[in-house]
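Open your viewer, get ready to select residues by number, and follow along one stop at a time.

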Amino acid sequence: MSFDRHLAEIAQEYPLWTIWRSDAGRWWATRHRPLNVAQRDAGCAMTIDADDPDGLRDQLRDQERWAREHGSPAPP
């Protein structure tokens, strides 16, 4: 699958994040909304990265779960 297709799919799955692939080949995501103190203390991050699309999806899934458990509103 092409990089663009992976980017589009992940962006659709996680609309509260901006997804991109760096020139160095790393996969990145950054949140659209700031975290609260409880979310930061729980290990949530504003920006995450991974070696590949599957790794990024795994991290996004964990980040979304942690944020929900510590006060993030449900996605619109």
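**A tour of the salt bridges**

Start by selecting Arg65 and Glu69, whose side chains form a salt bridge with an N to O distance of 3.8 Å. Keep in mind that you are looking at a predicted model. Both residues sit in helix H3 (residues 53-69), and because they are four residues apart there, about one helical turn separates them. Now colour Arg65 by accessibility: at a relative accessible area of 32%, Arg65 is partly exposed.

Why might such side chains meet at all? Side chains that carry opposite charges can pair when their charged atoms come close.

Next, move to helix H1 (residues 3-13) and select Arg5 and Glu9, which are four residues apart, or about one helical turn. Their side chains make a salt bridge too, at 3.1 Å from N to O. Glu9 has 23% relative accessibility, so Glu9 counts as partly exposed.

Arg26 is partly exposed at 26% relative accessibility, and Asp49 is partly exposed at 25%.

To finish, zoom out and look for the rest: the model has eight salt bridges in total.

Conventions:
Residues are numbered from 1 along each chain as its sequence is written. This is a predicted model: local features need pLDDT of at least 70, side-chain atom pairs count only at pLDDT 80 or more; totals for chains, interfaces and linings use all residues. Side-chain values use heavy atoms; hydrogens and water are left out. A salt bridge is a side-chain nitrogen of Lys or Arg within 4 Å of a carboxyl oxygen of Asp or Glu. Helices (H or I, at least four residues) and strands (E, at least two) are DSSP runs, numbered from the N terminus. Buried means under 20% relative accessible area, exposed over 50%, partly exposed in between (1.4 Å probe, protein chains only).
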